[in-house]
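Visitor: Hi, I'm new to this one and would like to go through it slowly. Could you put it up on the screen before we start?

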Amino acid sequence: MDVDPGRELVTTFNGLWAPDVAALPESKVTFGIFEPFMPMPGVTFLSCVHEDLPDTEVAAHLEIGWVTILSGMKTLLETGEPIFAPA
């Protein structure tokens, strides 16, 4: 893991929740936090880059998972309420 506090987090990724995901090789996820290029008070950007994945349908589904997780975080931060109620 590589950390630049307040700017970047780089970590490895090994999904174990399903056999087809567990069969994927270890990959790298980089989260970046940065200010917009034009002044926008109160606005911060978050990037998520998932690298070193094979070009497979299983790997493509991970992108949908990241979008869901990050959208949920955005909603929680903006509203104080989660997108999905816990089961």
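Visitor: Let me pick a spot: is Asp52 buried or exposed?

Guide: Asp52 is exposed, because its relative accessible area is 53%, where exposed means over 50%, buried means under 20% and partly exposed lies in between, with a 1.4 Å probe and protein chains only as cover. Please keep in mind that this is a predicted model, in which local features need pLDDT of at least 70 and side-chain atom pairs count only at pLDDT 80 or more, while totals for chains, interfaces and linings use all residues. Residues are numbered from 1 along each chain as its sequence is written, and side-chain values use heavy atoms, with hydrogens and water left out.

Visitor: Where does Asp52 sit, then?

Guide: Asp52 is found in the loop between S4 and H2, where helices (H or I, at least four residues) and strands (E, at least two) are DSSP runs numbered from the N terminus. Its phi is near 70 degrees, which is a positive value in a residue other than glycine.

Visitor: Changing topic, how many salt bridges are there in the whole structure?

Guide: A search of the whole structure finds 2 salt bridges, each being a side-chain nitrogen of Lys or Arg within 4 Å of a carboxyl oxygen of Asp or Glu. In one of them, the side chains of Glu51 and Lys28 meet with N to O at 3.5 Å. That pair links distant parts of the chain, since Glu51 is in strand S4 and Lys28 is in strand S3, 23 residues apart.

Visitor: And why does Glu51 count as partly exposed?

Guide: Glu51 counts as partly exposed because its relative accessible area is 32%, and Lys28 is also given as partly exposed because its relative accessibility is 32%.

Visitor: Which residue pairs with Lys74?

Guide: Lys74 forms a salt bridge with Glu78, and the closest N and O atoms are 2.8 Å apart. Both residues lie in helix H2, 4 residues apart, which is about one turn of the helix. Lys74 is partly exposed because its relative accessible area is 48%, whereas Glu78 counts as exposed because its relative accessibility is 55%.

Visitor: What lines the largest pocket?

Guide: Lys74 and Glu78 come up again here, as the lining of the largest pocket consists of Leu46, Leu70, Met73, Lys74, Leu77 and Glu78. Helix H2, residues 57-79, gives the largest share of that lining, with 5 residues. By type, the lining residues divide into 4 nonpolar, no polar and 2 charged, where Ala, Val, Leu, Ile, Met, Phe, Trp, Tyr, Cys and Pro count as nonpolar, Asp, Glu, Lys and Arg as charged, and the others, Gly among them, as polar.

Visitor: How much space lies in that largest pocket?

Guide: About 240 Å³ of space lies in the largest pocket. On a 1 Å grid over the protein atoms alone, a pocket is an open set of points where a 1.4 Å probe fits, with protein on both sides within 12 Å along at least five of seven lines, and lining residues have an atom within 4 Å of a point.

Visitor: Back to helix H2, is Gly72 buried or exposed?

Guide: Gly72 lies in helix H2 and counts as buried because its relative accessibility is 18%.

Visitor: What makes up the nonpolar surface patch?

Guide: Phe34, Phe37, Met38, Met40 and Phe45 make a nonpolar surface patch of about 600 Å². Patches are made of residues with over 30% relative accessible area and no salt bridge, with like charges joined within 9 Å and nonpolar side chains (Val, Leu, Ile, Met, Phe, Trp, Tyr) within 5 Å. Phe37 lies in the loop between strand S3 (27-34) and strand S4 (45-51), and it counts as exposed because its relative accessibility is 82%.

Visitor: One last thing, where does Val10 lie?

Guide: Val10 lies in strand S2, residues 8-13, and it is buried because its relative accessible area is 15%. From C-alpha to C-alpha, Val10 and Glu57 are 24 Å apart in space and 47 residues apart in sequence.

Definitions and conventions. Accessible areas come from the Shrake-Rupley method with a 1.4 Å probe; for residues, only the protein chains shown count as cover. Grid points are joined across faces, edges and corners, and a volume is the space filled by probe spheres set on the points.
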